[in-house]
Amino acid sequence: MQNALLIGLSRQMTLERQMDVIANNVANVNTNGFKADHSLFEEYLRSNAHEDNFVGSDRRVSYVQDRGTYRDVGQGPMEATNNPLDMAISGNAFFAVQANGAERYTRDGKFALSSTGQLMTSDGNLVLGTAGPIVFQPTDHDINVAPDGTVTVLEGTAKIDTIRGKIKMVTFDDPAKLTKLGANLYDTGSATQQPDTKSTLQQGYIEKSNVNSVGEMSRMVEVMRSYTAIANLLQQQSDLHKSAIEKLADVPA
């Protein structure tokens with residue numbers, strides 16, 4: 001296959017994967033606490049010319065290779081809900097939750113109470129405190145969450161706050177190394193967990209997705225146009241090759 005066709009196909013393959021990343025971002029534009037992904041590309045040089053009459057530098061062919069993706073861990077916008085069970089983290093920390101028998105992490109602070117009074121996520125995963133799951137009593141009211149994550153309530157007719165636990169917030173040396181598990185959950189991956197001392201909680205708020213919807217739609221249009229342009233180029237190369245063969249066939253023996 002000609003080098004021009006190989007280079008064009010390599011670019012089309014990376015554009016397809018880039019489109020998958022963009023489409024996933026757009027699909028999660030309204031997902032609480034979602035962190036956008038972006039594609040990384042690099043030049044891949046390889047020698048595909050094997051004739052000896054080429055100059056050394058002319059023997060190298062430049063391809064496009066998708067190196068991988070990186071995660072934008074920037075803070076998403078805060079939205080007020082006035083729900084005392086909703087919480088948003090201001091900082092780089094993550095909520096710790098119990099999912100499928102293991103500790104997982106999320107930025108989604110849309111919480112609720114289970115039938116047994118345990119604080120849980122919208123998917124039913126228990127929200128962990130520094131001493132285990134946060135559990136409320138049937139007579140608890142006036143729930144208050146301090147910036148450091150301490151959860152207090154008024155129990156029954158009491159007028160003195162009762163502590164129900166402290167929301168566990170953890171940070172990582174490199175949040176971009178966390179492994180996405182789906183359902184807005186992360187695993188530690190190759191990142192190193194460490195206790196958080198700088199992040200704060202805002203009660204009655206949730207963090208929205210940090211996806212820039214306008215920017216993602218613009219990139220989607222750009223990718224589609226690039227893919228179409230390369231497809232036209234490949235078709236032109238194919239037609240040129242076909243025409244050359246037909247003309248050579250007409251040359252008298």
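Which backbone oxygen lies 2.5 Å from a polar atom of the side chain of asparagine 184? In this predicted model, the atom in question is the backbone oxygen of asparagine 32.

**The chain as a whole**
- The protein chain contains two helices and 19 strands, and 36% of its 253 residues are buried.

**The hairpin of β11 and β12**
- Strand β11, which covers residues 140-145, runs antiparallel to strand β12, which covers residues 150-155, and four bridges join the two.
- Within this pairing, histidine 141 has leucine 154 in β12 as its bridge partner.
- Four residues lie between the two strands of the hairpin, and glycine 149, which sits in the turn, has a positive phi of about 95 degrees.

- Asparagine 184 is found in the loop that lies between β15 (179-182) and β16 (185-187).
- Because its relative accessible area is 17%, and buried means under 20%, asparagine 184 counts as buried.
- When neighbours within four places in sequence are left aside, asparagine 184 is in contact with Thr31, Asn32, Gly33 and Phe34, and also with Tyr105, Thr106 and Asp108.

Key. Residues are numbered from 1 along each chain as its sequence is written. This is a predicted model: local features need pLDDT of at least 70, side-chain atom pairs count only at pLDDT 80 or more; totals for chains, interfaces and linings use all residues. Side-chain values use heavy atoms; hydrogens and water are left out. Two strands pair if DSSP finds at least two bridges between them. Buried means under 20% relative accessible area, exposed over 50%, partly exposed in between (1.4 Å probe, protein chains only). A polar contact is a pair of N or O atoms within 3.5 Å; within protein, one must be able to donate a hydrogen and the other to accept it, and residues adjacent in sequence count only if both atoms are side-chain atoms. Contact means heavy atoms within 4.5 Å.
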